[in-house]
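Subject: Structure handover

Hi,

Here is the structure I promised to pass on. Please open it alongside this note.

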Amino acid sequence: MAEKTARRTRKAPAGSGRGTTETAPARTRQTADARREALIDAAVEHFSQTGLHGTAVSAITDQVGITQPYAFSLFGTKKGLFLAAVERGFDRVEESFREAAAGAGEDSAFDAMKESYGAVLADRSLLLIQLQAYAASGDDEVRAVVRRRYAQLYDLVRELSGADREELTQFFAAGMLLNVAAALDLPEVLLNDTWLEDCLGLGDAG
């Protein structure tokens, strides 16, 4: 009897016809760090589409399978989660620039960083979270974070490239033009003016 009791790990439902020695499947539990990372990844995806004020936290937590109270215990507020997503976006751009510069060497680091931005733009969520961050900067807390991270990004490019102020201004101006072109799905902006004719033609047709 003792041996049978030791083997009994979960009772079968009444009338199921199943034995009493069935073992319940083990559940895999995420670590707190893994849950936090999953929330931020999902937040980037959702906030990039609908912004700070248009995104429901429940949409993010439902995707990850985490409760809203748990999310608030990590980030405090929806704005806190949004800011974590914004920081993630800037982190990815910085990582891209660092990797490009490290692989190119000092003499060609600036050109390598320019080329690397194309890969950043290929991730549409990463691109749009930047634009949502700027759009939400009417909020004092958001503006403080975005200003700090933009300044850090500027300083990083200056440090890695050795570029002067004029070169840096052109670099970041071109980057913003690329952001707009990618957001509007107009890759021709930097290649030729066919996009202009197409857009004006669509406007006339409407």
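Below is what turned up, helix by helix and then ring by ring.

First, a caveat: this is a predicted model.

**Helix H6**

**H6 against H7**
The two axes come within 5 Å and cross at roughly 90 degrees. H6 and H7 are therefore roughly perpendicular. On the H6 side, the contact uses Tyr117, Val120, Leu121 and Ala122. H7 contributes Arg124, Leu126, Leu127 and Gln130. By type, that contact has six nonpolar residues, one polar and one charged.

**Aromatic rings**
There are eight aromatic pairs in the structure. Take Tyr154 and Phe172: their ring centres are 5.3 Å apart and their planes lie at 25 degrees, under the 30 degrees cut-off, so the pair is stacked. This pair links distant parts of the chain, with Tyr154 in helix H8 and Phe172 in helix H9, 18 residues apart. Tyr154 has 25% relative accessibility, so it counts as partly exposed. Phe172, at 12%, counts as buried.

Ring pairs also join Phe97, Phe110, Tyr117, Tyr134, Tyr150, Tyr154, Phe171 and Phe172 into a cluster.

Best wishes

Methods. Residues numbered from 1 in each chain as written. Predicted model: local features only at pLDDT ≥ 70, side-chain atom pairs only at ≥ 80, totals over all residues. Heavy atoms only, no water. Phe/Tyr/Trp six-rings, centres within 6.5 Å; stacked < 30°, edge-to-face > 60°. Helix = DSSP H or I, 4+ residues; strand = E, 2+ residues; numbered from the N terminus. Buried < 20%, exposed > 50% of the residue type's maximum accessible area, 1.4 Å probe, protein only. Axes fitted to C-alpha atoms, helices over the stretch in contact; angles between N-to-C directions. Parallel < 35°, antiparallel > 145°, perpendicular 65-115°, else oblique. Contact = heavy atoms within 4.5 Å. Nonpolar A, V, L, I, M, F, W, Y, C, P; charged D, E, K, R; others polar.
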